[in-house]
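Hi everyone, thanks for coming. Please have a look at the screen, and then we'll walk through it together.

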Amino acid sequence: MERTYVMIKPDGVQRNLVGEIISRFEKKGFKIVGMKMLQMDRAMAEKHYAEHIGKPFFEALAAYITSGPVVAMVLEGKDVVATVRAMNGATNPANAGPGTIRGDFAIEVGRNVIHGSDSVESAEREIAIYFSAEELCEYRKVLDNWIYEESPE
Ligand code: DAT
Ligand code: MG
């Protein structure tokens with residue numbers, strides 16, 4: 001089953017959005033297989049956002065993402081990578097539709113509340129930055145029979 005890396009950014013934690021955001025993914029039907037709170041340091045920011053190093057917004061991005069604790073999680077489910085991206089909304093909240101997390105809770109690109117991996121490959125890379133194999137839980141949920149037509153792996 002597909003997995004993605006999701007992170008509630010420091011502004012989401014400060015603005016008391018942790019429960020609301022986790023609740024959306026839970027209610028959708030995705031399974032939480034890993035979760036923790038941590039504060040990123042500069043080295044982690046450079047690892048996570050390696051593709052953005054050198055861009056004009058990188059320094060502001062690194063300062064923002066290390067400015068307070070984040071909630072890191074791994075979600076599992078059918079098409080979870082693309083579906084979480086859709087639920088998060090466009091990178092710039094000004095372009096994020098209503099009903100999305102960024103559309104509902106954010107205004108500026110530099111305070112956009114949530115991260116979600118952009119591909120299965122990115123998800124694997126990002127999950128490995130934050131979680132060891134032992135920190136991820138494999139378990140069955142009885143409710144999956146009411147979420148999936150066919151019992152997931
Ligand atoms: P996403 O977070 O939607 O995957 P991204 O990977 O392109 O977007 O960028 C990572 C973060 O960097 C993004 O959440 C906010 C910030 N960012 C991206 N583009 C930016 C820009 N043009 N100006 C300021 N911040 C930007
Ligand atoms: Mg990205």
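How do the residues of the lining of the largest pocket divide into nonpolar, polar and charged? The answer is 7 nonpolar, 10 polar and 8 charged, where Ala, Val, Leu, Ile, Met, Phe, Trp, Tyr, Cys and Pro count as nonpolar, Asp, Glu, Lys and Arg as charged, and the others, Gly among them, as polar.

Some housekeeping: this is a predicted model, where local features need pLDDT of at least 70, side-chain atom pairs count only at pLDDT 80 or more, and totals for chains, interfaces and linings use all residues. Residues are numbered from 1 along each chain as its sequence is written, chains are lettered from A and ligands numbered from 1 in the order written, and side-chain values use heavy atoms, leaving out hydrogens and water.

By pocket I mean, on a 1 Å grid over the protein atoms alone, an open set of points where a 1.4 Å probe fits, with protein on both sides within 12 Å along at least five of seven lines; lining residues have an atom within 4 Å of a point. Among the 25 lining residues of the largest pocket, Lys9, Tyr49, His52, Thr91 and Asn112 are the closest to its centre.

Now for the ligand. Ligand 1 sits in that largest pocket, meaning that more than half of its atoms lie within 2 Å of the grid points. Around ligand 1, with a heavy atom within 4 Å, are residues including Phe57, Leu61 and Val109. This shell has 4 nonpolar, 3 polar and 3 charged residues.
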